[in-house]
Amino acid sequence: MKLVNPANKRKFEVIVVGTGLAGASAAATLGELGYKVKAFTYHDSPRRAHSIAAQGGINGAKNYQNDGDSVYRLFYDTVKGGDYRSREANVHRLAEVSLNIIDQCVGQGVPFAREYGGLLDNRSFGGAQVSRTFYARGQTGQQLLLGAYSALMRQVGAGSVEMHTRTEMLDLIVHDGAARGIVVRDLITGDVRSHTAHAVVLATGGYGNVYYLSTNAMACNVTAGWRAHRRGALFANPCYTQIHPTCIPASDEFQSKLTLMSESLRNDGRIWVPKSHDEARLVSDIPEDQRYYYLEEKYPAFGNLVPRDVASRNAKTVVDQGLGVGPLKNGVYLDFADAIKRDGEDAIRARYGNLFQMYERITGEDPYQSPMRIYPATHYTMGGLWVDYELMSNVPGLFVVGEANFSDHGANRLGASALMQGLADGYFVLPYTIGNYLAPLLGESTLDESDPACATVVNDVAERTQKWLSVNGTRSVDWFHRELGKLVWNFIGMERDKNGLEKALSEIPSLREEFEKDVRVLGTADNLNTSLEKVGRVADFFELAELKARDALERNESCGGHFRTESQTPEGEALRDDENYAHVAAWEWGGTSDSAVRHTEELVFDNVPLTQRSYK
Amino acid sequence: MENTMTLTLKVWRQNGPAETGRFETYEVNEISPDMSFLEMFDVLNENLINDGEEPVEIASDCREGICGTCGCMINGQAHGPEKATATCQLHMRKFTDGDTIIVEPWQAASFPVIKDLVVDRSPLDRIIEAGGYITVPTGSAPDANLIPVPKDAADTAFDAAACIGCGACVAACPNSAAQLFTSAKVQHLNLLPQGQPERWSRTEDMVETMEEYFGSCTNHGECHEACPKEIPLDFIAYTNRDYIKSKRKNRKLLGQSS
């Protein structure tokens with residue numbers, strides 16, 4: 001791999017879009033190395049990116065608990081957990097650098113949980129049979145992001161990173177076949193302009209908000225990635241979405257988002273539903289033998305700790321059978337009564353106090369007294385822009401890190417692995433691999449911002465933005481987003497089948513047409529205008545939703561978070577078709593939303609033998 | 001729907017930093033007690049758009065009380081009536097049918113209004129930039145278990161690190177002081193062994209940057225009352241102590257144990 005010598009690094013400019021774990025760690029590290037970095041976020045401060053909301057923890061194969069963990073075991077668990085749809089080499093590298101990440105974060109002052117002797121504590125998490133998860137109460141994401149953000153702000157202070165807040169990337173500039181810059185809109189003044197660099201790094205997160213209701217933050221969107229896709233970057237595996245098993249069920253139509261309850265709760269909570277369809281008694285009056293602990297019964301080895309996809313689908317099955325609980329019968333119980341009896345209320349409070357408090361705030365119910373009600377919700381997207389081993393997309397000079405790329409989680413992500421991947425990419429992978437791309441460009445200048453290649457894209461963006469203000473229809477952006485979300489949830493949700501997907505492919509485009517004709521965006525483009533920001537994002541979600549349906553239709557197998565009802569084992573588990581689908585599907589934009597071209601990358605498993613996942 | 005509420009909202013509308021603001025009165029109906037305060041605003045905005053009026057700009061993102069984006073004065077209280085709760089986690093069951101609710105942006109000279117209920121809190125980032133970090137370039141950290149941290153110290157540092165940077169402490173303070181935010185950020189690092197080498201320069205730089213932007217602390221304690229994460233006032237005392245010490249520490253001798 002080629003290197004850029006220290007004195008030459010200052011001659012290279014790099015754009016980093018997004019300041020979550022992947023973006024902040026990448027921008028900080030590139031700045032430390034001496035590159036000239038421009039970082040962009042649409043938030044008012046880099047610290048607000050949605051990595052902040054991750055609760056549970058981060059994996060690291062330290063084997064501090066002496067329970068037999070190793071780099072190989074983390075690698076193996078991640079490949080298996082991803083249902084053999086990720087690249088072995090990427091996953092092995094991820095497991096290797098998981099060790100360095102923990103060191104780095106502790107060095108920064110991240111306050112991970114500790115034992116009385118002062119050493120780090122670990123817990124088992126989301127289906128792992130070793131305790132390799134480092135955690136910081138229920139706010140590991142916030143603490144890790146504050147670490148990366150502090151490193152980033154140190155570079156801002158040092159002048160190596162130029163920080164652009166409240167600035168949203170709306171397009172990519174590709175010139176002579178390579179990514180040369182981006183076009184952004186200042187969200188306060190509405191000013192649209194270009195920024196150029198030797199390389200562009202997207203760290204722009206996932207596309208879960210295509211479902212409207214998800215655990216993502218309100219502003220999370222696919223626009224940066226989607227615009228890059230429209231400029232030639234391949235979009236891989238858009239059908240892979242993780243539906244997280246433990247979220248608070250929706251309460252009504254005005255629900256704006258769903259709140260996740262860390263799955264660490266499954267370590268002590270028992271999941272059940274009443275056996276009777278018309279159970280009307282108080283929870284405490286339902287005798288043990290009339291409760292259906294469906295995970296414990298079906299999966300004795302893993303019990304309540306089965307991987308997320310398995311836990312989610314089983315919850316859907318019992319709710320669909322009419323066994324759901326709560327006023328809308330749209331949840332299952334997560335019950336702490338036994339744990340409280342065993343360990344005492346204080347111990348449970350120490351472990352989950354802030355989560356219990358959050359639950360009480362939202363529902364008005366006290367989980368120390370009665371069980372929580374939970375139901376699956378869209379949480380994380382394993383698909384994303386296609387990247388090679390060096391995290392570069394097929395567009396030279398365009399790198400993609402964190403949730404925005406597709407690379408490490410296959411068809412299902414294990415708990416506590418998202419934080420690990422974001423930081424791996426940003427701290428320990430991209431800073432080296434980007435040098436390999438930049439080294440031969442020594443002496444080349446960046447594209448002049450007055451170049452027609454920039455001006456054309458700037459005009460495109462300005463016109464597109466203005467266009468939405470002139471539609472003057474009758475319905476709000478949120479209305480259309482909500483309707484789109486219902487289609488995506490119903491037809492490309494936890495279970496997919498051919499009929500449903502075909503239905504989605506006919507209904508999404510017609511809803512989109514209506515959206516383009518009838519959306520109402522008020523106000524102006526030269527001022528803070530949240531509806532105007534949203535409308536462009538929703539427009540991109542419409543196109544992505546269509547591709548997602550096509551990808552799900554073409555992948556006629558079940559794997560991880562992608563469950564095709566046509567492809568299941570006699571016990572109802574996901575049945576892979578390795579002969580025909582042991583590959584990555586990478587879609588090339590074809591000029592319209594229905595003309596994308598499917599490319600494949602074969603997945604070769606030299607180290608982890610392909611087996612049917614079993615958690616019995 | 002049963003049990004729904006009808007509410008009168010008096011909302012601050014202001015088109016930009018240089019424009020004159022005003023209160024507008026709106027009525028919202030069929031508000032369910034299970035809605036969050038921001039979802040109630042979603043309903044208001046949906047109504048406004050239907051009526052051809054520009055929606056109210058109100059900041060929010062995670063809606064889980066952790067990102068610190070949201071925040072406004074609700075009936076004169078930062079983040080509203082429920083203790084230890086950010087605006088997004090405030091639910092309508094805390095209000096009663098027929099209530100009038102006054103909603104204003106954070107008020108502090110250092111937080112100018114951008115539009116309606118949205119303000120500019122960038123001075124908080126300037127304080128972090130001045131020293132809110134431990135200098136540990138990527139790759140240079142020793143093994144994570146090399147430095148044991150006594151549990152009490154780790155837990156206290158955590159209590160400080162829980163700050164979400166929302167700015168409610170500044171908004172609630174009669175002096176618009178940022179002592180609670182700054183001291184939480186200073187003490188998160190100063191309490192840990194990893195934070196010792198830069199302890200005195202960090203304290204000095206962050207406190208002095210804070211003073212460029214914000215008012216002075218006169219120990220009212222309103223900040224703690226408003227804080228959604230209940231950051232203890234103790235951190236302000238610890239920081240004052242560290243600041244005084246920072247002025248007389250001979251930094252050439254810091255390698256000595258005492």
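Where in chain B is the place of Arg63(B)? Arg63(B) sits in the loop between H1 and strand S3 (73-74) of chain B; helices here are DSSP runs of H or I with at least four residues, strands are runs of E with at least two, and both are numbered from the N terminus.

## Ground rules

This is a predicted model, where local features need pLDDT of at least 70, side-chain atom pairs count only at pLDDT 80 or more, and totals for chains, interfaces and linings use all residues. Residues are numbered from 1 along each chain as its sequence is written, while chains are lettered from A and ligands numbered from 1 in the order in which they are written.

## Two positive phi values

Arg63(B) is not a glycine, yet its phi is positive, near 55 degrees. With 26 C-beta neighbours inside 10 Å, Arg63(B) counts as buried (20 or more other C-beta atoms within 10 Å of its own; 12 or fewer is exposed, in between is partly exposed, and C-beta atoms are placed from the backbone).

Chain A has a case too: Asp83(A), also a non-glycine, has a positive phi of about 55 degrees. Look for Asp83(A) in the loop between helix H3 (71-81) and helix H4 (88-108) of chain A. Asp83(A) is buried, with 25 other C-beta atoms within 10 Å. For context, most residues other than glycine have a negative phi.

## Domains

Going by an automatic or database domain assignment, chain A splits into domain 1 (8-56 + 88-93 + 137-241 + 380-441), domain 2 (244-376) and domain 3 (453-578). The C-alpha centres of domain 2 and domain 3 of chain A are 31 Å apart. Their contact (C-beta atoms, placed from the backbone, within 7 Å) takes five residues from domain 2 of chain A and four residues from domain 3 of chain A. On the domain 2 side, helix H8 (residues 308-323) of chain A gives the most, with four residues.

Chain B has domain 1 (5-115) and domain 2 (122-253), with 30 Å between their C-alpha centres. Here 18 residues of domain 1 of chain B are in contact with 15 residues of domain 2 of chain B. The domain 1 side of that contact has 10 nonpolar, eight polar and no charged residues. In this scheme, Ala, Val, Leu, Ile, Met, Phe, Trp, Tyr, Cys and Pro are nonpolar, Asp, Glu, Lys and Arg are charged, and the others, Gly among them, are polar.

## Where the chains meet

The contact between the chains takes 64 residues from chain B and 61 residues from chain A. On the chain B side, H1(B) supplies the largest share, six residues. By class, that side has 29 nonpolar, 19 polar and 16 charged residues.

Strand S15 (residues 372-381) of chain A has 10 of its 10 residues buried, so it is largely enclosed by the rest of the structure. S15(A) pairs (at least two DSSP bridges) in the antiparallel sense with strand S11 (residues 241-247) of chain A over five bridges, and Thr378(A) is the bridge partner of Ile243(A). Strand S14 (residues 332-335) of chain A is also antiparallel to S15(A), over three bridges, with Tyr333(A) partnered by Arg373(A).

Beyond its neighbours within four places in sequence, Val14(A) contacts residues including Leu30(A), Tyr35(A), Val201(A) and Ile434(A).

Definitions and conventions:
Contact = placed C-beta atoms within 7 Å.
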